[in-house]
Amino acid sequence: MPGCAVYSQTGSRLKIWTDSREKPHAIRGILAYFDRHGIEHETTALKTGDYMLDGQPNLIVDRKGGLQELCMNLCSKDKARFYREIRRAHDEGIKLIILCEQSGIREFRDIAGWQNKYGRVTGRQLQDAVYRLEVGYNVPVIFCDKRSSGRMIVEILTEGRQNNG
């Protein structure tokens, strides 16, 4: 639907807040998707995650640029920082959803076949860490290819809005 604006249930145009720490080159396609679909977007420092629908602070999308980034967050020596963010979101009543851009990965079981190029963590170990995240903290991890990220962010945020009122 290029050129069509997306509207909220109240008839106002959708507005998505983007975290200021997102690197412009990494999200160019996402912002282009928003623009093509008439979705207003602004940048601000979000306390948690990367994308939030205006007026819906209890649902946040945290974008990961691939399984390598997700692995760094879940399995590295610095994982405590990421888990603090997860716990803070949980304590504040925020539903956090991780969107991982990784071609060739469609679902949880596909993670086991992932080949880590930079470290010792195996696909199976990362799969276990993702499982602990999903079960222990109720944080789902959704996979898409980079070209679909903008659409997926909008779908996650607007479906969440409908489910949460």
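## Basis of the values

Residues are numbered from 1 along each chain as its sequence is written, and side-chain values use heavy atoms, with hydrogens and water left out. Because the model is predicted, local features need pLDDT of at least 70 and side-chain atom pairs count only at pLDDT 80 or more, while totals for chains, interfaces and linings use all residues.

## Helix 2 against helix 4

The axes of helix 2 (residues 67-75) and helix 4 come within 10 Å and cross at roughly 65 degrees, which makes helix 2 roughly perpendicular to helix 4 (65 to 115 degrees; under 35 is roughly parallel, over 145 roughly antiparallel and the rest oblique). Axes here are lines fitted to C-alpha atoms, for helices over the stretch in contact, with angles running from 0 to 180 degrees between N-to-C directions; helices themselves are DSSP runs of H or I with at least four residues, and strands are runs of E with at least two, numbered from the N terminus.

Helix 2 passes helix 4 in a left-handed crossing, that is, the near helix is turned anticlockwise from the far one by less than a right angle. On the side of helix 2 the contact (heavy atoms within 4.5 Å) is made by L67, L70, C71, L74 and C75, and on the side of helix 4 by L126, A129, V130 and L133. These residues divide into nine nonpolar, no polar and no charged, where Ala, Val, Leu, Ile, Met, Phe, Trp, Tyr, Cys and Pro count as nonpolar, Asp, Glu, Lys and Arg as charged, and the others, Gly among them, as polar.

## Aromatic rings

Rings of Phe, Tyr and Trp (its six-membered ring) pair if their centres lie within 6.5 Å, and planes under 30 degrees apart count as stacked, over 60 as edge-to-face and the rest as tilted. By this rule the count comes to four aromatic pairs. F82 and Y83 form an edge-to-face pair, at 6.0 Å centre to centre with 75 degrees between the planes, and both F82 and Y83 are buried (under 20% relative accessible area, with exposed over 50% and partly exposed in between, for a 1.4 Å probe and protein chains only).

Y83 and Y137 form a tilted pair, with 5.6 Å centre to centre and 45 degrees between the planes. This pair links distant parts of the chain, since Y83 lies in helix 3 (residues 79-91) and Y137 in helix 4, 54 residues apart. Y83 has a relative accessible area of 12%, whereas Y137, at 26%, is partly exposed. F82, Y83 and Y137 form one aromatic cluster.

## The loop residue N138

N138 lies in the loop between helix 4 (123-137) and strand 6 (141-144), and with 51% relative accessibility N138 counts as exposed. Most residues other than glycine have a negative phi. N138, although not a glycine, has a positive phi of about 55 degrees.
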